[in-house]
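Dear colleague,

I am passing on to you the structure that we talked about, and below it you will find my notes on what was found. Please read them with the sequence and the coordinates open beside you.

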Amino acid sequence: MIMTRTEHNVRKKMLQLLVFSSLLLLLLLLLSFILSDENLRLSSAGKNLPPSLEHLFGTDWLGRDMFTRTLKGLRLSLAVGAFASIMSVIVATVMGICAATFGKVVDNTVSWVIDLFIGMPHLVFMILISFIAGGGIKGIVLGVSLTHWMSLARVVRSEVLQIKHSEYIQISQSYGKSPWFIARKHILPFVLPQIMIGFLLMFPHVILHEAALTFLGFGLSPQTPAIGIILSEAMSHISTGKWWLVFFPGVLLVVVIKSFDNIGEQLRILMEPSSSNK
Amino acid sequence: MALVGNNLGFYYQKDRWIFKNISLAVAPGEVLGLSGYSGCGKTTLARVLAGYVSSREGRVSLDGGTWGKGKFRPVQLIYQHPEKAIDPKWRMGEVLTEAYKPEPDILEAFEIREEWLKRWPIELSGGELQRFCIVRALHPQTKYIIADEMTTMLDAITQAKIWHSLLNICQSRKLGLIVVSHEKSLLGRVCDRMYEVGHG
């Protein structure tokens with residue numbers, strides 16, 4: 001009796017956390033559309049103002065409202081994040097399923113490529129790729145999606161290997177069902193939860209790396225309002241006592257990333273069969 | 001007209017034969033029992049006969065020929081563990097109609113209730129799942145059925161009911177049936193002929 005009640009509460013708490021994180025992200029996204037570009041006008045009157053009710057995050061050395069800049073920057077970062085996550089999930093799924101179904105040679109090749117990519121230092125590799133691709137959004141998306149697919153590909157490969165020889169798939173084959181039917185009806189439903197969660201957990205990685213790449217100067221150009229640009233510009237002003245330029249955008253970035261991480265984690269736990277009937 | 005295994009032999013590791021020189025045949029309407037101690041290769045032999053794996057030696061022929069690839073296999077194998085033979089992500093209705101749509105009288109013969117079709121596999125017991133597996137195997141094109149320890153994990157009453165229904169259908173459709181079991185008493189009751197695996 002007591003057992004079931006605590007379990008019930010745990011589940012409820014997880015759901016609340018999930019809803020809270022999603023609502024927070026939605027609110028930030030909405031705000032970034034509502035806030036007008038007017039606030040980004042240069043104004044000599046309102047330069048370097050500390051945080052106040054009028055300018056929640058203060059203003060920068062050109063008089064632009066930092067709250068507006070931060071939210072619009074985050075929106076771009078989220079869009080890049082979504083795109084790069086989808087790309088790397090696609091790469092991972094294709095690689096994983098190919099490795100598991102097309103025999104030993106393909107499997108060995110894919111596994112070798114996975115080991116090769118994992119063995120390389122993440123950030124250095126990403127800088128290299130985005131540099132070759134010419135920087136910008138293209139460089140970041142390519143850099144991130146080509147360096148983040150490996151772990152998910154491994155998961156997909158092992159999942160497919162696990163059920164490829166299961167009895168119900170062999171029976172389906174004995175009915176004369178095509179490989180396409182089996183892939184679509186038996187294998188895909190089995191790996192879909194892993195793919196969805198892999199996608200969500202990839203998100204924070206992508207945003208952080210986009211910020212990191214831009215901060216280091218290999219990512220977006222300075223006029224795009226991305227979170228990495230804001231942070232790297234603000235760094236040069238921190239020594240003059242304008243702490244709000246780096247503090248608020250940094251905190252908001254951490255909050256957004258933690259929210260995504262939260263959603264992914266809670267969904268993973270909620271969708272696990274052993275806990276799904278509590 | 002028969003399912004014939006001629007001089008069959010099989011190994012997983014080279015030259016470590018699980019069985020060798022096995023020849024057997026089952027005619028339509030006949031019930032053949034396969035018995036033997038655990039680990040003597042009964043299940044492997046069943047899989048070879050059903051075409052899931054090909055034998056290393058000898059060949060299996062069906063009514064004088066073989067079966068085509070990518071088509072429905074007229075020799076259907078019923079496994080020991082129904083929970084492994086059913087996709088856990090499918091509802092029972094989909095499981096039942098994956099290969100064909102069974103007539104209501106077959107469902108009735110195996111006491112499959114209408115309300116089960118909407119459930120998930122984990123919501124049914126092993127015995128209930130096994131009935132679905134048997135009905136699935138009774139496709140109109142099925143000519144031979146191999147039952148590999150089909151009712152080993154069921155209680156005596158359910159076992160008796162299931163065998164009664166299956167034997168009736170096999171009689172009326174003239175299906176050949178191979179019963180794999182280590183229970184001599186069961187084999188003695190249902191089989192016309194016996195074959196002992198792993199004896200010479």
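Predicted model: local features only at pLDDT ≥ 70, side-chain atom pairs only at ≥ 80, totals over all residues.

Once the neighbours within four places in sequence are set aside, F10(B) is in contact with I18(B), F19(B), T44(B), V48(B), S55(B) and R56(B). F110(B), by contrast, stands 100 residues from F10(B) in sequence, and the two C-alpha atoms are 35 Å apart in space.

The chain around that residue can be described as a whole. Chain B holds six helices and eight strands, and from the N terminus on these elements follow the order β-β-β-α-β-β-α-α-α-β-α-β-α-β. The radius of gyration of chain B is 17 Å, close to the 16 Å that the globule rule gives for 200 residues, so chain B is as compact as a globular protein of that length. Taken along the principal axes, the C-alpha atoms of chain B fill a box of roughly 50 × 40 × 35 Å, and 36% of its 200 residues are buried. Of the contacts in chain B with a separation of 6 or more, 76% are between residues 24 or more positions apart.

Two loop residues of chain B deserve a look at their backbone angles. Most residues other than glycine have a negative phi. E149(B), however, has a phi near 50°, a positive value in a residue other than glycine, and it is found in the loop between β6 (144-148) and α5 (156-173) of chain B. With 19 C-beta neighbours inside 10 Å, E149(B) counts as partly exposed. K174(B) has a phi near 60°, which is again a positive value in a residue other than glycine, and its place is in the loop between α5 and β7 (176-180) of chain B. K174(B) counts as exposed, because it has 12 C-beta neighbours inside 10 Å.

Where chain B touches chain A, 14 residues of chain B are in contact with twelve residues of chain A. The side of chain B that takes part in this has six nonpolar, two polar and six charged residues.

Chain A has ten helices and zero strands, so that its pattern, read along the sequence, is α-α-α-α-α-α-α-α-α-α, as the definition of the elements as runs numbered from the N terminus implies. Along the principal axes the C-alpha atoms of chain A fill a box of roughly 80 × 60 × 30 Å, and buried residues make up 35% of its 278 residues. Residues 24 or more positions apart account for 67% of the contacts in chain A with a separation of 6 or more.

Two pairs of helices in chain A were examined. How do the axes of helix α6 and helix α8 of chain A cross? The axes of α6 (residues 150-164) and α8 (residues 179-216) of chain A come within 10 Å and cross at roughly 160°, which means that α6(A) is roughly antiparallel to α8(A), and the crossing is right-handed. On the side of α6(A) the contact is made by L152(A), V155(A), V156(A), E159(A), V160(A) and I163(A), and on the side of α8(A) by I187(A), F190(A), V191(A), Q194(A) and G198(A). By class, the residues of this contact are eight nonpolar, two polar and one charged.

The axes of helix α4 (residues 122-132) and helix α5 (residues 136-147) of chain A come within 8 Å and cross at roughly 140°, which makes α4(A) oblique to α5(A), and α4(A) passes α5(A) in a right-handed crossing. Here H122(A), F125(A), M126(A), I129(A) and S130(A) of α4(A) meet G139(A), I140(A), L142(A), G143(A), V144(A), L146(A) and T147(A) of α5(A). The residues of this contact divide into seven nonpolar, five polar and no charged.

G136(A) also belongs to helix α5 of chain A, and it is partly exposed, with 14 other C-beta atoms within 10 Å. Apart from its neighbours within four places in sequence, G136(A) is in contact with L220(A) and S221(A), while its C-alpha atom is separated by 21 Å from that of V89(A), 47 residues apart along the chain.

Key
Residues numbered from 1 in each chain as written. Chains lettered and ligands numbered in written order. Axes fitted to C-alpha atoms, helices over the stretch in contact; angles between N-to-C directions. Helix = DSSP H or I, 4+ residues; strand = E, 2+ residues; numbered from the N terminus. Parallel < 35°, antiparallel > 145°, perpendicular 65-115°, else oblique. Left-handed = near helix turned anticlockwise from the far one by under 90°. Contact = placed C-beta atoms within 7 Å. Nonpolar A, V, L, I, M, F, W, Y, C, P; charged D, E, K, R; others polar. Rg over C-alpha atoms; globule rule 2.2 N^0.38 Å. Buried ≥ 20, exposed ≤ 12 C-beta atoms within 10 Å, placed from the backbone.
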